[in-house]
Amino acid sequence: NGVILVEGIAEAILLPILSRIYMNIDLDEHGIEVVNINGVAFEHFAKLFNNEDEDKRLLARCAIITDSDPRATKPKSDRAIKAEEFEGANLKVCLAPNTLEHDLFEECDENKRILQTVYREMHPETDELNGDFSIDVFMTKLKSNRDKGDFALELQAALTENNGFEVPNYIKNAINWVVLTENIAQDAV
């Protein structure tokens, strides 16, 4: 019924649980597939959904979730700006303000606390992770340890119950977009 295309393994692991527990939407029950494309080459997938001619596109809805990757001089990378241009017909592009982990950490105090706890438990010998460490420390360590997939699995286990964790709006928008097709069909009956 719908597809959510994501950049990497962390999004593929976390989206189903964030949707189910914090938005009360079970992606499997709605027939929504989360597809990790392992990168940012969304264009050829976008063409399957964004053609204005209904005979030349898939009828299911698709959302692309990708990072803005802001720089000091620009709020969005050139790649993110290009991704936004793919939007049309049955395709919605949802840009993360930064990156998934960064945005989850910064969303609210409860998210920050949970992410800090999970990452600290993964690296108990790392002094910089003691106490209330910053987003900069978290992102530097996450990148240098190259353990985004492991972190996502550990975070998934920590999010098994609704505990005040907040889902960023761009993720909510993507999920609501692909699930909307079924809601419209039901509303029309």
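**Entry 1: strands**

I looked up how strand β1 (residues 2-6) is joined to strand β3 (residues 61-67), and I found five bridges between the two, which run parallel. I note here that the model is predicted. Within this pair, Ile4 stands opposite Ala63 in β3.

I then asked in which order the strands of the sheet come. The open sheet has four strands, ordered β2-β1-β3-β4, with parallel pairing. The edges are taken by β2 (32-36) and β4 (91-96), and each has a single partner strand, so one side of each is left without a neighbour in the sheet. Neighbouring strands are turned against each other by 20° on average, direction ignored. As a reminder to myself, strands of a sheet pair through backbone hydrogen bonds, either parallel or antiparallel.

**Entry 2: helix α1**

I checked the span of helix α1 (residues 9-22). With 14 residues at 1.5 Å a residue, α1 should span 20 Å, and its end C-alpha atoms are 20 Å apart, so the two agree. I also found a kink of about 25° at Leu15 in α1, shortly before the proline Pro16. Just after α1, I noted that Asn24 takes a positive phi of about 60°.

How many residues of α1 are buried? I found 10 of the 14, which means that α1 is largely enclosed by the rest of the structure. Among the buried residues are Ala10, Ile13, Leu14 and Ile17.

α1 lies across β1, β2 and β3, and runs at about 160° to β2.

Next I looked at helix α7 (residues 148-158), whose axis comes within 8 Å of the axis of α1 and crosses that axis at roughly 10°. Angles under 35 degrees count as roughly parallel, and α1 and α7 are therefore roughly parallel to each other.

Which residues meet between these two helices? From α1 I listed Ile9, Ala10, Ile13, Leu14 and Ile17. From α7 I listed Lys148, Gly149, Ala152, Leu153, Leu155 and Gln156.

**Entry 3: His102**

Last, I looked up His102, which is in helix α4 (residues 100-107). Is His102 buried or exposed? Its relative accessibility is 18%, and the cut-off for buried is under 20%, so His102 counts as buried. Leaving out residues up to four places away in sequence, I found that His102 touches Ile135 and Met139.

How values were computed:
Residues numbered from 1 in each chain as written. Predicted model: local features only at pLDDT ≥ 70, side-chain atom pairs only at ≥ 80, totals over all residues. Heavy atoms only, no water. Expected span 1.5 Å × (residues − 1). Bend = angle between axes of the 7 residues up to and from the residue. Buried < 20%, exposed > 50% of the residue type's maximum accessible area, 1.4 Å probe, protein only. Pairing = 2+ DSSP bridges. Axes fitted to C-alpha atoms, helices over the stretch in contact; angles between N-to-C directions. Contact = heavy atoms within 4.5 Å. Parallel < 35°, antiparallel > 145°, perpendicular 65-115°, else oblique.
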